[in-house]
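Subject: Handover of a structure and notes on it

Dear colleague,

Please find below the structure that I am handing over to you. I would be grateful if you would read the notes with the structure open beside them.

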Amino acid sequence: MTYDPDAFAGRHGADLRAALTAAADEWLASLLGDPGPGVALVAVGSLGRRELTPSSDLDVLLLHDGRGDIGPLADRVWYPVWDAGVALDHAVRTVPEAVAVARTDLRAAVGLLDARLVAGSAELVADLREQHLRRWRADADARLAEMAENARERAERVGEVAYLLEPELKEARGGLRDAQALWQAAATQRTDRPGEAVVAAKRLLLDVRGELDARRRGDVLRLQDQDTVAAALGYADADDLMRVVSRAGRLIAYTLDVTWRHVLPSATAAPAGVRRLLRRGQPAAREPLADGVVSQQGEVVLAQGADPDHDATLPLRVAAAAARAGLPVAPYTLTRLASCPPLPDPWPAAAREELVGALAAGAAAVPVLESYDIAGLWTRLLPEWEHTRSRPQRNAYHRFTVDRHLLETASAAAALTRSVRRPDLLLVGALLHDIGKGLPGDHTDAGVRVVERLAPRLGFDAADTGTLVLLVRHHLLLADTAQRRDLDDPATIAAVAAAVGNAETLDLLAALTEADARATGTTAWSRWKADLLADLVRRARSTLGGTPPAAPSLSADQQALLAAREVALVATGEQIDVACPDRPGLIATVAGILALHRLEIRTLTSWTVDGFALLRVAAHPRFGTGPDWSLVRAELSRSLEDPVALSARVAQRAASYPPVVSAQPPAVVWIDDAVTDPVLEVRAPDGLGVLHRIAAAIESAGGDVHSARCQTLGADVVDTFTVTHLSLSARDRVAAAVLAALDGDAGPRD
C-alpha cells in the first residue's frame with residue numbers, strides 16, 4: 001500500500017482529517033513492520049494531533065532504546081516516503097536524546113507534546129511522554145515566555161485573522177499556531193485546557209485550511225477562493241464564511257491574551273517569594289477604581305459589596321473604570337456581569353455617562369469593549385450592534401471589520417474631543433456612524449433609521465438625537481466634498497453649510513471625518529487630505545458666520561501670467577501654474593506632460609479669461625526630487641502643437657512599467673447633487689498617465705473638465721472631475737470613452 005492524499009477528494013472538515021491520518025498511520029506502520037522490542041514509530045506535530053491536510057508534512061520520530069543498529073530500520077521507513085513524493089519531517093533518537101533536544105529547541109518541544117504511537121513499543125512512547133512532560137513543566141517559566149514572544153512576533157509580521165481581508169490561517173494572530181499554543185500552555189499545568197468554544201473555533205480554522213490545502217492554495221484565504229471554500233463547507237456565501245472565520249480568530253486571540261496574562265507574571269517579573277504566595281492562593285491587594293469596581297493582580301474585578309443581580313449600570317461602570325485604568329476585565333468578572341438586569345428605556349444619565357467615559361479613554365477602551373463583545377455583554381447593551389459583528393468590509397482601504405472599525409473610530413475621536421463643544425456627541429457619533437452597514441439598502445440611510453431609535457433609548461433628548469442623526473447622515477459629506485469637489489465653487493461651500501446647519505455641528509462633523517479616516521487605514525488619511533478638509537471647514541464656517549463664499553479670484557501673479565498672453569509654467573514647491581491659449585484637450589495635455597516627468601497630480605483647476613487659460617496644479621514627485629522645469633516648459637510648448645505625439649509617448653512610457661494588480665476592473669459613476677456641476681468619479685488600477693487618458697477621453701467625448709482631484713488608494717486611483725458644458729444625454733458617451741481609455745491600464749501613478 002501507499003499514501004495518496006488525493007484519494008480523499010470530496011471529503012471535508014474533520015472527516016477529511018480523520019481519513020488522511022488513518023491512511024498515513026496505516027502506511028507508516030506497514031513500512032515499519034515488526035521492529036522488535038525497544039523501537040517505536042511516533043507521530044508528532046500535525047500528524048500527532050490528527051490534523052493532516054492533503055499536503056501536510058508527515059512529522060515522525062523513530063524512537064529506540066539505543067540497543068542495536070537502527071539505521072537499516074530507518075531506511076526501511078524513510079526511503080519509500082521520499083520515493084512517493086510525500087514531504088517528511090523525521091528524526092531518529094533515543095528517549096534521552098529526544099528530551100535533550102526538546103530542552104533547547106522549542107519547535108521540537110511542542111511537537112513532542114503531541115507525540116502518539118503509530119507502531120512499535122507503547123512503553124517507549126509512554127516513557128518519552130512522561131519524561132518530556134516533566135521537563136516541560138519544570139521549564140515552564142522559560143517556555144511560556146518564549147512562546148509568548150513567538151506569538152507577538154507572528155502577530156506583528158502577519159497581522160490578525162479577525163481583520164485581514166485575506167487572512168493567513170496558520171501564522172496570523174488568532175490563527176492555528178495561537179490555538180495550539182493554548183494546549184501547549186495548558187500542558188505546563190499553569191492554566192486550564194481550552195473550553196469547547198475555543199475547540200470549535202480551532203476546528204473551523206482547520207476545516208477552512210483543509211479546503212484551501214486540498215486546492216493547493218496554501219494557508220492564506222484569498223478573495224478568489226472564499227466563495228468556493230464557503231460552498232464546500234456549507235456557508236451561504238463568502239461574507240458568511242468570513243464572519244465565522246473572524247469570530248474564530250477573535251476568540252482564539254482573546255483567549256491566548258488571557259492565558260499569557262495569567263501565566264506570564266508568575267513566569268517572569270514576580271520575585272520567587274511572591275510567586276510562592278500566588279501559587280498558595282494568598283489574596284492580592286485590591287485597589288478601588290469605581291463604585292463596586294476594583295483592580296487585583298492586573299485585572300478589573302468586582303468589589304466584595306458589588307451586587308450585579310440588581311445593578312443595571314454596573315457593566316458600563318466596569319468598562320469605564322477598566323478603560324480609564326488601562327486594565328483588562330477579568331474573565332470571571334465578565335461572566336458575573338451577565339447576571340446584571342437590562343438597562344431601562346431610556347437609559348439613566350449615569351449609564352450614558354459611563355458609556356461616554358469608556359469611549360473617552362481612547363485606545364485603552366478597544367480591548368475592554370472587545371472582551372465585552374466576545375463575552376456577549378456588548379450586544380446586550382446595544383442589540384443594534386449584532387449585524388455589524390465581524391462583518392467584513394470588502395475593499396482594500398478598510399483594515400478592520402465593521403464592528404472593530406466603529407470601535408477604532410471612537411478611539412481616534414477621543415483624541416479630538418478638545419476641538420468640539422460636545423465631546424459626548426462626537427464619541428457616540430463615532431461609535432455609531434457606520435451602524436447601518438449590514439442592513440438592507442444604503443448603509444447611511446439604514447444607519448439614520450437605527451440612530452433615530454437608538455439615541456432616545458440611550459437617554460439623549462430630541463435636540464441631541466437630531467445632531468447624532470445628522471452626524472450619521474453626513475459622515476461622508478466633508479471627505480467626499482473635499483476630495484471630489486471644487487472648493488473654489490461658491491455653490492459647493494453653500495451646499496455644505498446648508499447641510500451642516502451650524503458651526504458647532506460642523507466642528508463635530510470635521511472631527512468625526514478625521515477619526516473615521518484614521519480608523520479606516522493608512523491610505524485614508526494624509527497631510528494632503530487634512531489640508532483639504534481644513535480648507536473646506538474654514539470656508540463653510542465663514543459661510544455659517546454670515547460671510548458667503550466669494551467667486552474665486554486670481555492672485556496678482558496669476559493675473560500677470562494671463563496678461564502676458566504667452567505660454568508659461570511657474571513652479572513654486574508643489575504648486576504649478578500653467579498659462580497658455582485655451583484649446584480642447586488642454587488639461588489632458590498638461591496631465592500627460594507632468595506624467596512623463598513622474599509627477600503625481602493631486603488637484604487641478606482651470607480658469608479661462610478672454611480665450612487664455614490658467615491651470616493651477618498641485619503635484620509632487622513620485623520618486624526622488626522634482627524635474628528640471630526648463631525641460632517641462634519646453635515639453636509644454638511642443639506638446640501644445642502636437643498632442644497626438646504626446647499621447648503616444650505617454651502610452652509607450654506606461655507600457656515599459658510592470659502591470660499593477662487590482663482586484664476590480666475600472667468603474668465610472670456620475671455624481672449629480674443638482675447644486676454644482678456634475679462630477680465624474682473614476683476608480684481604476686493605478687498607472688502612469690491615468691489622469692491624462694481620462695481627461696483626454698472626457699474632452700474627446702464632448703466634456704469640458706474644469707477641475708480634477710486625484711488620490712491613490714492601495715493599487716487603485718480614485719479621480720474625480722468637475723465637468724461643465726455637458727448634456728445629460730452625453731454622459732453615457734463620456735463614461736464609455738473613459739472606460740475604453742482605461743482598458744489595459746498599467747504602470748505606476750502619473
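The notes that follow describe sheets, a helix pair, a pocket, cavities and some backbone details.

This is a predicted model, in which local features need pLDDT of at least 70 and side-chain atom pairs count only at pLDDT 80 or more, while totals for chains, interfaces and linings use all residues. Residues are numbered from 1 along each chain as its sequence is written, and side-chain values use heavy atoms, with hydrogens and water left out.

**The four-stranded sheet**

Four strands form an open sheet with mixed pairing, in the order β3-β2-β1-β4. Strands here are DSSP runs of E with at least two residues, helices are runs of H or I with at least four residues, and both are numbered from the N terminus. Two strands count as paired if DSSP finds at least two bridges between them. Strands of a sheet pair through backbone hydrogen bonds, either parallel or antiparallel.

Which strands stand at the edges of this sheet? They are β3 and β4 (116–120); each has a single partner strand, so one side of each is left without a neighbour in the sheet. From one strand to the next, the twist averages 25°. Strand β1 (residues 39–43) runs antiparallel to β2, and five bridges join the two. Within this pair, Val42 stands opposite Leu61 in β2.

Two helices pack on this sheet. Helix α3 (residues 71–83) touches β1, β2 and β3, and its direction makes about 175° with that of β3. Helix α6 touches β1, β2 and β4, and its direction makes about 105° with that of β2. Contact means heavy atoms within 4.5 Å. Axes are lines fitted to C-alpha atoms, for helices over the stretch in contact, and angles run from 0 to 180 degrees between N-to-C directions.

**Helices α6 and α7**

Helix α6 (residues 122–138) also packs against helix α7 (residues 140–158), at an angle of about 80° and with the axes 5 Å apart. That makes α6 roughly perpendicular to α7 (angles of 65 to 115 degrees count as such). Trp136, Arg137 and Ala138 of α6 make the contact with Ala140, Arg143 and Met147 of α7. By class, the residues of this contact are four nonpolar, no polar and two charged. Ala, Val, Leu, Ile, Met, Phe, Trp, Tyr, Cys and Pro count as nonpolar, Asp, Glu, Lys and Arg as charged, and the others, Gly among them, as polar.

**Cavities and a pocket**

On a 1 Å grid over the protein atoms alone, a cavity is a set of points where a 1.4 Å probe fits but cannot get out; a pocket is an open set with protein on both sides within 12 Å along at least five of seven lines, and lining residues have an atom within 4 Å of a point. Grid points are joined across faces, edges and corners, and a volume is the space filled by probe spheres set on the points.

How many cavities of 30 Å³ or more does the structure hold? There are three. The largest cavity has about 120 Å³ of space. Of the 16 residues that line the largest cavity, Ala162, Tyr163, Leu164, Pro392 and Thr401 are the closest to its centre. The second largest cavity has a volume of about 50 Å³. Its lining includes Val99, His132, Trp136 and Arg143, and α4 and α6 each supply at least two of the lining residues.

The second largest pocket holds about 980 Å³ of space. It is lined by 40 residues, of which Gly45, Asp59, Arg107, Val110 and Arg177 are the closest to its centre. Helix α5 gives the most to this lining, with six residues. The lining divides into 15 nonpolar, eleven polar and 14 charged residues.

**Further strands and backbone details**

A second open sheet has three strands in the order β5-β6-β7, with antiparallel pairing. Strands β8 (residues 568–572) and β9 (residues 575–581) run antiparallel and are joined by five bridges. They form a hairpin with two residues between them, and Gly573 in the turn has a positive phi of about 65°.

Gln189 has a positive phi of about 70° although it is not a glycine; Gln189 is placed in the loop between α8 and α9. A cis peptide bond, with omega about 5°, joins Asp345 and Pro346.

With kind regards

Conventions: Angles under 35 degrees count as roughly parallel, over 145 as roughly antiparallel, 65 to 115 as roughly perpendicular and the rest as oblique.
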